[in-house]
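Trainee: I'm new to this one. Could you walk me through it?

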Amino acid sequence: MITIAIIGVIVTVGVSLITDDTGSARVAKLESDVSTLNQMVAMYASDGGSVAGLTSPQAVIDKMKRIRPQSEWQRHVGSVSGRLLDVRLRARMTSQPDNDNNPRVVWNRTKQRFELGQISGSAVSEFYLDESLAGADFGSETRTKSAVAFNSGTKGWVWGAAVADPTANYLNPLSVGAPSPADGFNPDESAPLSSDPPPDDSTGGDGGSGGDGGGPTPPTVTQLPRPVITPAGGTFAFASFPSSATISANGALSEVSKLMYRINSGAWIEYTGSAIPLTPSMRIQARNETTRPAEYATSSTNSQTYYRLTSGFSGTGDGNWGNAIGGTNLVTNIQNGTETSTFKHGNTKLDLGNGEYLDAGVENVLSFTRASFDTITPNTWFKFGEVMMLNGTTFYNSEATGVTLSVNLTLTQPALNFTTHIDLGLTSTENTSDRLASADSVQLTNPTTDVRVTIDGVEYRLELSWATLDPGAGVVQGNKFLIFEGATATAELRARFTSNR
């Protein structure tokens with residue numbers, strides 16, 4: 001017996017250690033990811049980038065996926081493109097901690113860094129790679145002057161600009177092998193004179209200017225203004241969708257730039273002034289591209305996308321009851337029809353003994369009557385059908401606690417057919433003198449249904465709610481339809497197609 005007890009303890013400890021190792025590995029990865037991301041934020045800031053005003057972790061990550069314009073590639077430190085993060089990187093957001101209360105990550109917009117801890121509310125549970133983003137284009141941006149400048153006279157990099165946090169070691173390094181550590185690093189120091197690489201021909205071959213070792217100051221490059229696209233993008237009602245768009249250079253001179261545009265990530269082409277015909281979900285990007293890179297930098301890109309809501313939804317749906325669950329002595333009776341389908345549940349007979357029964361109750365009844373709808377605009381509530389319930393009297397734990405109403409939707413506009421499953425929770429209460437407390441209820445457990453329809457790049461989802469039609473016999477409280485004891489009440493089952501844009 002002692003041996004068996006010892007083996008049991010060892011098995012318990014082993015399982016616990018395996019579980020702890022799994023959790024520890026997950027936390028260790030999250031700690032490593034946070035450390036790496038904070039280093040990337042520091043590098044991004046030192047390279048002239050800015051995360052000011054960003055509030056979500058994903059927004060910060062996506063900002064660091066941008067690249068510099070090609071005209072700037074030669075004159076900045078870091079990766080050639082200026083992009084610091086893999087475009088596939090995503091943050092998985094959760095609304096609350098897991099069962100083990102593992103730490104999660106938030107973005108501290110005041111300190112401009114990611115922080116790991118025991119956090120309530122919305123936070124990051126993990127960082128992962130999403131292969132669907134492998135070909136995504138997060139655009140380009142012209143950044144402010146880097147903390148490191150390029151000295152064209154001597155072909156070297158010089159720490160030139162003040163940094164946001166001069167106390168951080170990775171932003172203010174100490175010189176190596178200095179005579180006195182107190183001297184530190186001089187941010188105003190020019191690059192040393194050197195014959196390797198050879199001096200630029202533009203300096204007259206002497207590698208400097210006037211022999212002071214500093215070299216000529218690079219000319220100031222002016223960024224071109226961003227073009228204006230008219231009208232601006234957005235989501236438009238069907239009748240209000242614009243037919244075309246135009247682009248203006250916004251003051252950029254044609255002598256120093258070309259106004260370029262592209263459609264849906266296609267090739268860049270020069271804009272000739274003609275109106276661009278618009279189609280739903282079209283994206284237009286425009287930029288003023290410099291023809292004198294020594295004097296002007298290409299503008300940032302203006303991107304506008306145009307979405308059109310559908311003109312309306314028309315159709316009807318037939319309801320069918322099924323998948324009833326309930327007590328140990330559940331009794332059901334289903335009658336599915338075209339216009340109206342009925343679901344009855346509960347045992348109405350009392351067992352008097354000796355094989356005798358008294359029919360002393362009334363069945364609980366739930367029926368659905370379909371309704372037609374015509375040209376319902378998106379995001380507008382409409383009558384989807386009517387639900388009638390009779391609050392009966394039944395015995396022996398024979399009532400249903402849940403049932404599914406499957407509605408076969410036939411849409412004529414747009415021409416689509418699909419089935420949505422509406423799960424209803426049924427509650428049968430004890431009868432008391434309190435009328436409301438004795439009311440039975442029908443609850444929509446999935447008011448946002450499984451229906452998803454995509455039209456012209458806009459996704460619509462079907463949402464449901466109640467509206468009472470018999471206030472004297474029943475009331476609506478949120479997603480619940482309450483029917484008073486012994487009463488028959490009808491509620492309108494409302495629906496709307498909600499757009500994601």
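Mentor: Let's start with Pro 225, which is found in the loop between β7 (222-223) and β8; strands (E, at least two residues) and helices (H or I, at least four residues) are DSSP runs, numbered from the N terminus. This is a predicted model, where local features need pLDDT of at least 70, side-chain atom pairs count only at pLDDT 80 or more, and totals for chains, interfaces and linings use all residues. Residues are numbered from 1 along each chain as its sequence is written, and side-chain values use heavy atoms, with hydrogens and water left out.

Trainee: How far apart are the C-alpha atoms of Pro 225 and Asn 250?

Mentor: Along the chain, the two are 25 residues apart.

Trainee: Is Thr 301 buried or exposed?

Mentor: Thr 301 lies in the loop between β15 (296-297) and β16 (302-308). Buried means under 20% relative accessible area, exposed over 50%, and partly exposed in between (1.4 Å probe, protein chains only). Thr 301 has 18% relative accessibility, so Thr 301 counts as buried.

Trainee: What is the bridge partner of Val 228 in β10?

Mentor: Look at the open sheet with the order β8-β10-β13 and antiparallel pairing; two strands pair if DSSP finds at least two bridges between them. Three bridges join β8 to β10 (residues 244-248). In β10, the partner of Val 228 is Ser 248.

Trainee: How close do the N and O atoms of Arg 262 and Asp 137 come?

Mentor: Side chains of opposite charge can pair when their charged atoms come close. A salt bridge is a side-chain nitrogen of Lys or Arg within 4 Å of a carboxyl oxygen of Asp or Glu. For the salt bridge of Arg 262 and Asp 137, the N to O value is 2.8 Å.
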